[in-house]
Amino acid sequence: MKRIHHIILLIAALAAVTTVHADTQHNIRLSQHTLELMRAAQGDSVHSLFNSQMRAAVPAAQLSPMFAQLELQFGKLETGGQWSVDHIGQLEIYFCDLTFSRATLRMLTAFDPDGLMNTLRFVPAPQPAPVTEKATADTSLIRERELTVTTGKYRLPATLTTPATPAQSNRFPCVVIVHGSGPQDRDGTMGPNHVYRDIAHGLAVRGIASLRYDKRTYVYRSTPADEPLTPDYETVDDALSAISLARTLPEVDPQKVIMAGHSFGGQMLPVITSRAGDSLAGAIVLSGAARHIFTLMDEQLHYLSPQADEETIKQQLAALKSSAPAEYWEYLDRYDTEKEAASMTLPVLVIQGGRDYQVTETDYAIWRNALKGNPKAQFRLYPDLNHIYQEGTVPSTPDEYSRPTPVSPRLLDDIAQWVLSL
């Protein structure tokens, strides 16, 4: 499940292809035809071009509004480039760059040997490497090693980051970073930015270890038929496994493991901390959502496209609902973030950016109210930061995420000071 406002539409190949289709020009024409069908909102016709696995994974009803969703987020399509071919091993990938008014996306397709489509993706188009701003941390001052977070049959690549200089006790406090919504890698990659890696490196030079991992929905692109997709499957279960792993590591003080949940990870923080019991020394809410996702999405869509009519917004919300099964929404309908947070007794730090349009000060106020009975709760509002902690003076937009800007050092200073005080 993906939040449309900041996660690029992704329909991934569900099976490996090892044979190149002979008629490259035919596949290019079919790719262009697919683009035309999507622009015309003819989801049924696009669906008919898919192979059996794609048809099973992506409902036709979900395809019809997809191009309208892209234009709502990135502006009207202005120009479309020529189709080209690339190769990954023996697999032919067809791609075309589409210039919208606010961004350029690359449309990718691939086909089975029988001509049926197995991949349809829209991703940010590659751009010349920008001149990056000063790195968040001096990497000579940190150490990293690869690990695996394991939950049953699921194995998620992970990275432990520590200061290069050993602690006096040879053990550091450790922050376990839990992702926001959608398939995300351990670095929290968004365009040229790597939010979770910035946080990990910034904490390491300030004397704190961290554990971050690739999200289950990033590593395993499809949900097993015998296991329902719920927030437990998506986020909670693996967060608990990561916390347990952190406590066993020789570099980590097992009495000082802290969970930091970003966005949807923050929303799930109360249930994670409840199930973790006394395994945690504290918790950090990083721009944690406190309201239902449909409420947030309605607000975000109006913010990004104030000219959009209510029927368009309604269609976008319907498309979002179709992107996950009923069990997912039933879980969130039952889950009351404010009520769950009110029962938290461990130390909590709540962080919010004032320029964040995805999770706003309305959510921040809910957290403050929920935790008013917890004397160990602290709150930090940064008026000039957005959802991924970029500094700025104007209202935030998705375009801002495409500019390479490291996480604010002020934020890292405050997190580190709070963690070291526990």
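Student: Is C96 buried or exposed?

Tutor: This is a predicted model, where local features need pLDDT of at least 70, side-chain atom pairs count only at pLDDT 80 or more, and totals for chains, interfaces and linings use all residues. Residues are numbered from 1 along each chain as its sequence is written, and side-chain values use heavy atoms, with hydrogens and water left out. Buried means under 20% relative accessible area, exposed over 50%, partly exposed in between (1.4 Å probe, protein chains only). C96 has a relative accessible area of 1%, so C96 is buried.

Student: How many disulfides does the structure hold?

Tutor: A disulfide is a pair of cysteine sulfur atoms within 2.5 Å. The number of disulfides here is zero.

Student: How do the rings of Y94 and F111 pair?

Tutor: Rings of Phe, Tyr and Trp (its six-membered ring) pair if their centres lie within 6.5 Å; planes under 30 degrees apart count as stacked, over 60 as edge-to-face and the rest as tilted. The centres of Y94 and F111 are 5.8 Å apart. Their planes stand at 65°, so the pair is edge-to-face.

Student: Which ring does the charged end of R368 sit over?

Tutor: A charge sits over a ring if NZ of Lys or CZ of Arg is within 6 Å of the ring centre and within 35 degrees of the ring normal. For R368, the charged end is 4.5 Å from the ring centre. The ring belongs to F379.
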